[in-house]
Amino acid sequence: MNSALLVNIFRFILLLAIQIIIFNNMNFLGYISPFPYILFIILYPVNGNKSALVVSSFLLGIIMDLFSNSGGTHATACLVLAYFRPSIFKFAFGLSYEYQTIKINDVLTPQRFSFILLSVVIHHFTLFLLEAFQLSFILDTLITTVLSTIFTIIICIIIIYLIKPNKR
Amino acid sequence: MQQIFNFIFKNSNRILFLLLLGISLTLTIQSHSFHRSKIISSANFLSGGVYEKVNNLNEYLNLKTQNDALALENAKLKSLLFNRKDTTAVKKLDSLKGVKPEDLLVSKVIHNSYNVHENYLTLNSGEIDGVKADMGVINSLGIVGVIENTSKNYSTVVSILNKRSQINAKIKKSNHFGSLNWNGKSTGFVQLTDLPRLALIKIGDTIVTGGQSVIFPENINIGTIAKIYRDKITNYYTLDVKLFNDMTNLGHVYIIKSKDREEIINLEKREKDE
């Protein structure tokens with residue numbers, strides 16, 4: 001068995017479990033909750049199989065939906081993020097960057113931060129748009145997106161630093 | 001033929017994405033329509049089981065508040081027992097009036113959401129206990145929601161904090177009817193719409209369930225009027241109703257298994273057939 005594959009499967013299950021047991025119960029100010037489970041999509045290897053990422057993101061989302069009674073909103077948001085991930089890479093790291101050497105779970109640089117920020121914003125906006133499903137709620141959607149994004153990013157960065165301490 | 005295969009191989013990722021996107025969007029749209037059989041719901045073996053385990057842990061943290069609630073209920077029952085013949089005593093609000101005790105089923109909330117526009121609860125009783133769709137769920141303070149999906153051991157409830165929820169309600173003292181909705185803003189307040197302007201209301205009046213619905217019996221507490229809006233165009237009031245229940249903190253609930261309900265539905269069906 002490939003060790004990268006094992007790490008990914010382990011990450012998939014662990015992030016889902018943490019999300020469902022802990023973070024789904026965190027309601028800051030009543031309605032802001034973080035979704036750090038998308039770290040699975042963010043941390044997926046850059047040169048990994050794209051189709052596998054799309055399928056596993058769909059599974060990740062649908063399991064979240066199963067637990068939060070939300071139809072297919074998480075699944076759609078995860079799919080959109082997984083599909084546009086290469087484009088976000090190009091935007092954040094520049095065209096000429098050596099893609100094979102990028103590691104997201106490392107010290108925070110402006111490029112890495114902009115990549116995480118963009119990913120989280122895209123996921124959250126899709127999620128909350130589909131969850132409200134009414135254009136009259138657009139202002140609410142935007143406010144929740146911004147607040148939840150801040151919350152999610154803080155927790156994502158904490159998790160990245162916890163899992164991968166700097167090797168010196 | 002060769003070209004078709006080439007095209008598929010070249011765009012396999014995009015085709016896969018579009019296919020899965022189609023599936024998930026279908027599920028999303030389906031979950032927003034009113035009459036549906038929901039495929040992705042938390043009333044299943046996997047999520048129900050996990051929520052039950054998590055809830056067992058959480059219960060320890062809530063022991064104090066649950067104890068307080070039980071002690072309060074005990075005191076109320078004791079006062080009923082000791083003051084039976086006393087007619088001068090102030091009549092307590094009896095939220096379970098109109099419900100026969102044999103129709104009530106005690107159940108436990110194992111998962112509760114209140115931070116999105118469409119909120120659901122998961123209960124730990126299901127078809128085995130005789131729970132069916134469209135049964136009402138209440139607790140000692142007031143209404144909680146309506147059963148939507150059931151599995152063998154679990155069921156999901158459309159909370160009153162759900163945009164799709166619509167419950168018939170009335171002003172307790174004047175019998176004017178309206179329908180109870182939620183605008184998705186605050187977990188402490190729901191809205192009573194379509195209440196005729198003829199109704200004499202003031203802030204603080206009690207809102208109870210109306211007799212027109214077959215889901216809830218009449219006169220189950222909902223809340224008190226907190227704000228009154230007058231619609232300038234139509235002749236209706238819209239009210240903000242402060243709930244008696246704290247929807248963010250629910251423990252044990254009662255499911256109403258009314259036998260009258262089937263009788264009424266059958267009767268109305270016969271009427272339609274003729």
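Which residue forms a salt bridge with B:Lys173? In this predicted model, local features need pLDDT of at least 70 and side-chain atom pairs count only at pLDDT 80 or more, while totals for chains, interfaces and linings use all residues. Residues are numbered from 1 along each chain as its sequence is written, chains are lettered from A and ligands numbered from 1 in the order in which they are written, and side-chain values use heavy atoms, with hydrogens and water left out.

The partner of B:Lys173 is B:Asp205, with the closest N and O atoms 3.3 Å apart. A salt bridge is defined as a side-chain nitrogen of Lys or Arg within 4 Å of a carboxyl oxygen of Asp or Glu. B:Asp205 is buried at 8% relative accessibility, whereas B:Lys173 is exposed at 55% (buried: under 20% relative accessible area; exposed: over 50%; partly exposed: in between; 1.4 Å probe, protein chains only). B:Asp205 also forms a salt bridge with B:Lys202, at 3.9 Å between the closest N and O atoms. Through shared partners, B:Lys173, B:Lys202 and B:Asp205 are joined into one network.

Over all chains, the whole structure holds four salt bridges. One of them joins the side chains of B:Glu218 and B:Lys170, at 2.6 Å from N to O. B:Glu218 is partly exposed, at 39% relative accessibility, and B:Lys170 is buried, at 3%.

In chain A, an unreviewed UniProt entry lists transmembrane regions that include residues 6-23 and 142-163; positions follow the numbering used here, feature names are shortened, and annotations may be inferred rather than shown by experiment. Residues 142-163 of chain A are 100% helix and 0% strand, with end C-alpha atoms 31 Å apart. Helices (H or I, at least four residues) and strands (E, at least two) are DSSP runs, numbered from the N terminus.
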